[in-house]
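The briefing below is meant to be read beside the sequence and the coordinates.

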Amino acid sequence: TTDMGLYLAAASAIWFLANGVGVSLTADLSALTGASEPLALSFTLVPLALTLIIVTIGYRSGRPTVSGRWLWPSWLGVAAVLLGVTAILHSWVGMTGVVQLGATAWVAPVAVYTLSYMVGSLRSEKTDPSASTAEAGHPEAGDDPRERVLLHRGMRAVATRVDQLGSDPEHRGPVIMSPTGLVGRMAATLCMGTVAGAALALTVTFVLHWADMVTLFESLHVDVLGVITVSIGQLLYVPDAVLWAVSSVSGVAFSLGSGSRVTPD
């Protein structure tokens, strides 16, 4: 018997939340709880798994954009489409009159997807052979399919020869890494090792407390649809849990809501 607009508003609010927009909920529950004041909640915990999905889709959708003359128009077109989608979802959230969005609701969703699209398009233009050939003054090489095949075969042969020279000890020179590159690689290795260790510690914690987790889950008394919904919600926050584990492993506390503090102790 629930109005479909409530589901649209909830789905839109989750999408805004994944783009870093805070969501506030204000509802009058006096008939259920007897409270004289309306319930007010503020939720800003970003489901990072959904954010990674959005960023990945934006990045991969920008990869086919390899032509320099269509690069800027494609960026503007994507931003315009995202602005229209944001307007529609914003109206869905406003239909209930219960959910309010943060001040960045009109900027953050457009910026997250458009920037991902821009990075993907720039990355594609740097690595695509036909784009570099056109920039070198041979645009006709990419027009004829036969010439394009010959060009790719020639470039593949050159790349194979370079690999052979690199694997030959007589042609291999000393590999010298700059101090900046060495420090950057060490920092990246340290960060990846910390995240991997935290993820392993989180996995061990899940295994050790599996019975408690099942008991807590069963205490919700939800139906099949509720089990699916709660499970998907938990999966969306697995990257957040890994970051919390990083905080615990490194000895830094984190908080869940105002007034709370979770420490390794």
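In this predicted model, His221 lies in the loop between α9 (210–218) and α10 (224–236), where helices (H or I, at least four residues) and strands (E, at least two) are DSSP runs, numbered from the N terminus. His221 has a positive phi of about 55° although it is not a glycine. Most residues other than glycine have a negative phi. His221 is also exposed, because its relative accessible area is 72%, on a scale in which buried means under 20% relative accessible area, exposed over 50% and partly exposed in between (1.4 Å probe, protein chains only).

**Basis of the values**

- Residues are numbered from 1 along each chain as its sequence is written, and side-chain values use heavy atoms, with hydrogens and water left out.
- Because the model is predicted, local features need pLDDT of at least 70 and side-chain atom pairs count only at pLDDT 80 or more, while totals for chains, interfaces and linings use all residues.

**Confidence**

- The protein chain averages a pLDDT of 79, and 74% of the residues score at least 70; pLDDT is the predictor's confidence in each residue, from 0 to 100.
- Within the protein chain, confidence is highest in helix α3 (residues 48–62), at a mean of 94, and lowest in helix α6 (residues 129–135), at a mean of 48.
- Over residues 131–142 the pLDDT is below 50, and this stretch has 12 contacts in the model beyond near neighbours in sequence, a contact being heavy atoms within 4.5 Å.
- Where pLDDT is low, the predicted coordinates should not be read in detail.

**The chain as a whole**

- The protein chain has 11 helices and 3 strands, and its elements run α-β-α-β-α-α-β-α-α-α-α-α-α-α from the N terminus on.
- Of the 265 residues in the protein chain, 21% are buried.
- The accessible surface of the protein chain comes to about 18,100 Å², with 68% of it belonging to carbon and sulfur atoms; accessible areas come from the Shrake-Rupley method with a 1.4 Å probe, and for residues only the protein chains shown count as cover.
- Among the contacts in the protein chain with a separation of 6 or more, 69% join residues 24 or more positions apart.

- Helix α1 (residues 4–18) has 15 residues and reaches 22 Å from its first C-alpha to its last, close to the 21 Å expected, the expected span being 1.5 Å times one less than the number of residues.
- The buried residues of α1 are Gly5, Ala9, Ser12, Ala13, Trp15, Phe16, Leu17 and Ala18, whereas Ala11, which has its place in this helix, is partly exposed because its relative accessible area is 47%.
- The C-alpha atom of Ala11 is separated by 8.8 Å from that of Leu89, although the two residues are 78 residues apart along the chain.
- Met4, Tyr7, Leu8 and Met95 form a nonpolar patch on the surface, with about 430 Å² of accessible area together, and α1 gives the most to this patch, with 3 residues.
- Patches are made of residues with over 30% relative accessible area and no salt bridge, with like charges joined within 9 Å and nonpolar side chains (Val, Leu, Ile, Met, Phe, Trp, Tyr) within 5 Å; a salt bridge is a side-chain nitrogen of Lys or Arg within 4 Å of a carboxyl oxygen of Asp or Glu.
- Tyr7, found in helix α1, is partly exposed because its relative accessible area is 49%.
- Just after α1, Gly20 takes a positive phi of about 90°.

- In α3, the buried residues are Ala49, Leu50, Thr51, Ile54, Gly58 and Gly62.
- Val112, in helix α5 (residues 108–127), is in contact with Asn19, Ile54 and Val55 when its neighbours within four places in sequence are left aside.
- Leu76, in helix α4 (residues 71–96), counts as exposed because its relative accessibility is 61%, and Leu76 and Thr114 are 8.7 Å apart in space, C-alpha to C-alpha, while 38 residues apart in sequence.

**Helix α11**

- Ser247, found in helix α11 (residues 238–250), is buried because its relative accessible area is 18%.
- Leaving aside neighbours within four places in sequence, Ser247 is in contact with Val252 and Phe254.
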